[in-house]
Amino acid sequence: MSRVFFGNSILSSISVNVNFALQGTVLDARPTPTANTQGGNVYSVSLSMAAFDIGPNLDKGKFGNSGENKVQVIVDDGGANLYGVTITDASLKGQDLFFYVFDNTLVGQNNFGTAQGIKIAQLNTSATALQ
Amino acid sequence: MTTAFFFNCVADTISVNLNLGLSPEIINGRGEAAENQPMVLPMIPFPIIATGAEQGKMSLLDKNLIIISFETLQTSADTYEIQLDKELDGKSLYFYVFENTLVGQDARGMGDGISISIHKVSQRRVLQTGIADDGGPA
């Protein structure tokens with residue numbers, strides 16, 4: 001079973017909701033970079049990550065290899081974004097995918113770091129009066 | 001302190017996210033209708049505040065953003081904006097959640113001063129094409 005990971009690259013807590021599940025997964029804020037054991041000017045940062053299973057078809061809380069997956073990111077006290085993510089390359093089936101969540105942007109990669117076959121669109125909404 | 005009550009009018013578990021909270025509230029589905037029995041509508045209360053919008057609180061001052069997700073009823077979520085008139089200060093309000101619609105009332109059952117809009121996707125901006133730099137097939 002392959003999985004899709006969303007890493008929080010924002011200095012605030014966020015929630016990540018895949019395909020409109022009842023609740024998203026809450027991720028801690030990105031911590032301040034700390035020096036690693038190699039010392040010198042090499043720093044590291046540990047990103048909190050949410051993992052979701054990847055299946056042939058999308059579902060609530062499950063990423064799909066077919067169709068446009070809707071990823072809703074809510075930033076604590078900082079607004080929200082809705083993204084449409086489509087896998088356009090069949091060779092990505094069976095691979096883990098990695099997404100980095102930023103303020104107003106989202107970057108996707110496979111395990112090697114290439115973005116080929118991963119299409120991302122930012123979806124904006126407008127309001128129509130009901131009452 | 002006045003309260004905005006959200007009633008679940010569908011036979012499906014829903015979540016209600018008021019003003020972009022990280023963890024929305026879950027409401028069980030409404031009860032089954034039975035002869036000579038009242039229909040029970042589960043509800044969740046949110047406080048109404050006279051200041052600007054806050055997570056989990058309904059503002060009399062700003063527009064409030066409501067996201068309703070359904071466990072099985074529909075694959076998408078419904079997103080609404082609610083704007084309240086200041087004349088509603090001191091009144092508790094009642095919102096009835098349906099699929100693709102939301103109805104708001106005061107204690108008398110009147111909708112005066114409660115404006116509700118529904119959000120639909122109107123524009124998309126491609127951030128990442130998924131196509132290789134050499135223009136080859138993605």
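What percentage of the contacts in chain B with a separation of 6 or more is accounted for by residues 24 or more positions apart? In this predicted model, such residues account for 52% of those contacts.

The confidence values come next. Chain B has a mean pLDDT of 93, and 96% of its residues reach 70 or more. For the complex, the predictor gives an ipTM of 0.85 and a pTM of 0.89.

Chain B is more spread out than a compact globule, because its radius of gyration of 18 Å is well over the 14 Å that the globule rule gives for 138 residues. Its C-alpha trace spans about 65 × 40 × 25 Å along the principal axes. Of the 138 residues in the chain, 26% count as buried.

The contact with the partner chain may now be considered. In chain B, 38 residues are in contact with 36 residues of chain A. On the side of chain B that touches chain A, the elements giving two or more residues are strand S7 (77-84), S9 and strand S10 (114-128). The largest share, 15 residues, comes from S10(B).

Strand S12 (residues 118-129) of chain A is joined to S10(B) by 10 bridges, and the two run antiparallel. Within this pairing, Val126(B) in S10(B) has Ala121(A) standing opposite.

Two residues of chain B deserve attention for their backbone angles. Most residues other than glycine have a negative phi. Asn19(B), although not a glycine, has a positive phi of about 55 degrees. This residue is found in the loop between strand S2 (14-18) and strand S3 (25-27) of chain B. Asn19(B) counts as buried because it has 21 C-beta neighbours inside 10 Å, where 20 or more are required.

Asn100(B) likewise is not a glycine and has a positive phi, of about 65 degrees. Its place is in the loop between strand S8 (93-98) and strand S9 (101-106) of chain B. Asn100(B) is exposed, because 11 other C-beta atoms lie within 10 Å and the limit for an exposed residue is 12 or fewer. Thus Asn19(B) is buried, whereas Asn100(B) is exposed.

Conventions: Residues are numbered from 1 along each chain as its sequence is written. Chains are lettered from A and ligands numbered from 1 in the order in which they are written. This is a predicted model: local features need pLDDT of at least 70, side-chain atom pairs count only at pLDDT 80 or more; totals for chains, interfaces and linings use all residues. Helices (H or I, at least four residues) and strands (E, at least two) are DSSP runs, numbered from the N terminus. Two residues are in contact if their C-beta atoms, placed from the backbone, lie within 7 Å. Two strands pair if DSSP finds at least two bridges between them. pLDDT is the predictor's confidence in each residue, from 0 to 100. The radius of gyration is taken over C-alpha atoms; the globule rule is 2.2 Å times the number of residues to the power 0.38.
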